[in-house]
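Here are a few exercises to work through with the model open beside you. Try each task before you read its solution.

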Amino acid sequence: MKRIVFLISGIVFAAALLAQTMVHSQPNSPTNKIGRSLKAAYPKYVSAYDDASITLNNGQKLNYSDDIANKTHEARLESPDLDDMFWQTYPFGVGATVPATDFDPGRYRNSPFFDAVYGNCFNGAVDNKMVSVRWVNGANVRFTSANGANIALERVARELERLGPSFVRYLVPTSGTYNCRVIAGTNTRSMHAYGAAIDLNSSYGEYWRWQKDKSKGIRYNNRMPMEIVRIFENNGFIWGGRWYHYDTFHFEYRPEFREYAGN
Ligand SMILES: [Zn+2]
């Protein structure tokens, strides 16, 4: 009898434990990791997160998932939810390898989220956040001050200067930062529309759209030195040279990927 009571209480205890695990948020669930990474990377803009959504400091709630199953690559690019932003893992620290077909980590950008952080340039909400950043070789560039992006770029610039004179030709003249427009061939905005991206010297750049004959697919090519790439990546930026749809002189401030990789 005692044994049966012991057994039953054991089962009840196990069931209670299981129920509790199911109700309470799980610290290592995939969605929770997204919320944690976004809050760490955008601390002034993300006030809270749980298993289903993040809450912005303006009170707006953004769900991780839009519940659309089996999105195509094009659909993910056109209207990515927060889940889609982390769909592919950004490969920090590796060399310039040829990306697999449609491997574009970081090209999925959820506009409601970035509008809340940087503003929507079509409503004039980005211009008032633009500041001057001391670039290299006496040049200055305009960059957004939202989320400390300008400070991150300043750090990059000081580290780039230490690489020495042989690297300057890749860095100046720059080919643009803030540009309020949609990406060619899409309705979406790149980080240039938020003032949080920089194009280095296009004379040393490669861009997939410049490849004339794409009948045999996209052929990866890169001349950007990895010393430059590493400095950007160590300071919260990602590199367009990691993408199948490559853009090797493009860097954008996306600190959520470092956070995601590190937790
Ligand atoms: Zn660019």
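**Exercise 1.** Across which strands does H8 lie, and at about what angle does H8 run to E7?

*Solution.* Start with the ground rules. This is a predicted model, where local features need pLDDT of at least 70, side-chain atom pairs count only at pLDDT 80 or more, and totals for chains, interfaces and linings use all residues. Residue numbers start from 1 along each chain as its sequence is written. Helices (H or I, at least four residues) and strands (E, at least two) are DSSP runs, numbered from the N terminus. Now the answer: H8 lies across E7 and E8, and runs at about 145° to E7. Angles go from 0 to 180 degrees between N-to-C directions, with axes fitted as lines to C-alpha atoms, for helices over the stretch in contact.

**Exercise 2.** Work out the sheet that holds E7 and E8.

*Solution.* Step one, the order: three strands make an open sheet, E6-E8-E7, with antiparallel pairing. Strands pair if DSSP finds at least two bridges between them. Step two, the edges: E6 (197–199) and E7 (237–239) each have a single partner strand, so one side of each has no neighbour in the sheet. The twist from one strand to the next averages 20°. Step three, the pairing: three bridges link E7 to E8 (residues 250–253), and phenylalanine 237 has tyrosine 253 in E8 as its bridge partner.

**Exercise 3.** How do H6 and H8 pack, and which residues meet?

*Solution.* First the geometry: H6 (residues 149–161) and H8 (residues 226–234) pack at an angle of about 150°, their axes 9 Å apart. The two helices are therefore roughly antiparallel (that label takes angles over 145 degrees). Next, the residues: Val156, Glu159 and Leu160 of H6 meet Ile228, Ile231 and Phe232 of H8, contact being C-beta atoms, placed from the backbone, within 7 Å. By class, this contact has five nonpolar, no polar and one charged residues. Here Ala, Val, Leu, Ile, Met, Phe, Trp, Tyr, Cys and Pro count as nonpolar, Asp, Glu, Lys and Arg as charged, and the others, Gly among them, as polar.

**Exercise 4.** How many residues lie between E1 and E2 in their hairpin?

*Solution.* Three residues sit between E1 and E2 in the hairpin. Tyrosine 49, for one, has isoleucine 54 in E2 as its bridge partner.

How values were computed. Angles under 35 degrees count as roughly parallel, over 145 as roughly antiparallel, 65 to 115 as roughly perpendicular and the rest as oblique. Two residues are in contact if their C-beta atoms, placed from the backbone, lie within 7 Å.
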